[in-house]
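Me: Hi! I have a structure open and would like to talk through how its chains meet. Can you help me read it?
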Number of protein chains: 2
Amino acid sequence: MTTRWLTAEEQRAWRAYVAASLLLEDAIDRQLQREAGMPHLYYTVLAFLSEAPGRRLRMTDLAEALKITRSRLTYAVTRLEKDGAVRREECASDRRGTVAVLTDEGTALLERAAPGHVDTVRRAVFDHLTAEQVEQLERICLGVAEAIQGDGPPAVRPSDELPWRRRSGPSG
Amino acid sequence: MTTRWLTAEEQRAWRAYVAASLLLEDAIDRQLQREAGMPHLYYTVLAFLSEAPGRRLRMTDLAEALKITRSRLTYAVTRLEKDGAVRREECASDRRGTVAVLTDEGTALLERAAPGHVDTVRRAVFDHLTAEQVEQLERICLGVAEAIQGDGPPAVRPSDELPWRRRSGPSG
DNA sequence: GACTCCTGGTTCAAGTTTTAAGCAATTACT
DNA sequence: AGTAATTGCTTAAAACTTGAACCAGGAGTC
């Protein structure tokens, strides 16, 4: 079948997206690197853990929530563990399992870094969006995520490595 | 001043964005790695060059257009040069300058890879967006880019390294 | 139980990115 | 012209990511 190219309108939107996401990731990474000594992803690891029951999550569940590979998470947690922000524990219900636990030190670090991070995100993104645009943004992004990882007929399948299938049992 | 936290609505939008951009970059990188042997950024380098007059651009101009650091571009071009997709030439008007030129081989590679790439982008993003959403997406992204790099009172300043100031003379 | 397959997590090597530092050419200033 | 500051680009070292390979534990089957 012949390629359906992007329309001029779509192409402009796509270019704008690519540019914006590059700039945004860069700005956020720098701010967090400066004020918290870690890149955005690592901060997000702490953020997700902080909201989990018991501040703990199994590696696979955490990777799935973050939409990253297990390998990438392994390295992130190893680094954060060296920093004392996270601790690894064995999983009681599955002896293969590992649970990442947010330490008190990690919690403190997160709380210290949060204001600056939120401020950056706010000024770069939300300060100039209307309420409707915020809603649109969410809708659009949910659609993209669904298209990529959604069950049913997969539109785009990034990799078998990304573990999106739900696991059976509970995670603790 | 006390932190202005994100509202629940904003937080949902932000999380959706972070997840979607991670999934999207991952999907695109894999597709291009598989079918063109290079990550998304490198493909974009070729794409920008292909549209420039004479298929050539000075390093700094290219880095500015791509919204990446010169250092990052240096490595990308070095790799692409090894692949034969790009060639470096001296800049006539400024002996410090380097011009990146898209080779015929690079052009062919780009043309071979484009359909698969467009298809991935289309299925992940545009196939499920309305025309208004496409327009909103562009507007939102332009706003973000403007907020980060815009002249005037800088809302977020990622780094002095990113060369956003216009240079004086022409680039060829 | 033995066999096979799958799952959870880590590890290795190779590739990419970052930050700071470096060098040469240009510009600005006097 | 002489000198300091700036610009264009590269490089070195450390950090991060990727993809495949790996190993131990769990699950299904007979």
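Me: What do the side chains of Arg4(B) and Asp127(A) do?
Reply: They form a salt bridge, with 3.3 Å from N to O. The term means a side-chain nitrogen of Lys or Arg within 4 Å of a carboxyl oxygen of Asp or Glu. Bear in mind that this is a predicted model, where local features need pLDDT of at least 70, side-chain atom pairs count only at pLDDT 80 or more, and totals for chains, interfaces and linings use all residues. Residues are numbered from 1 along each chain as its sequence is written, chains are lettered from A in the order in which they are written, and side-chain values use heavy atoms, without hydrogens and water.

Me: How many salt bridges cross the interface of chain A and chain B?
Reply: The rule finds eight.

Me: Which helix gives the most to the side of chain A that touches chain B?
Reply: That is H1(A), with 20 residues. Helices here are DSSP runs (H or I, at least four residues), numbered from the N terminus.

Me: OK, and how much area do chain A and chain B bury between them?
Reply: About 6,200 Å², 70% of it on carbon and sulfur atoms. Buried area is the accessible area (1.4 Å probe) that two parts lose on being put together, summed over both.

Me: How many residues does the contact take from each chain?
Reply: It takes 68 from chain A and 68 from chain B, counting heavy atoms within 4.5 Å as contact.

Note on methods. Helices (H or I, at least four residues) and strands (E, at least two) are DSSP runs, numbered from the N terminus.
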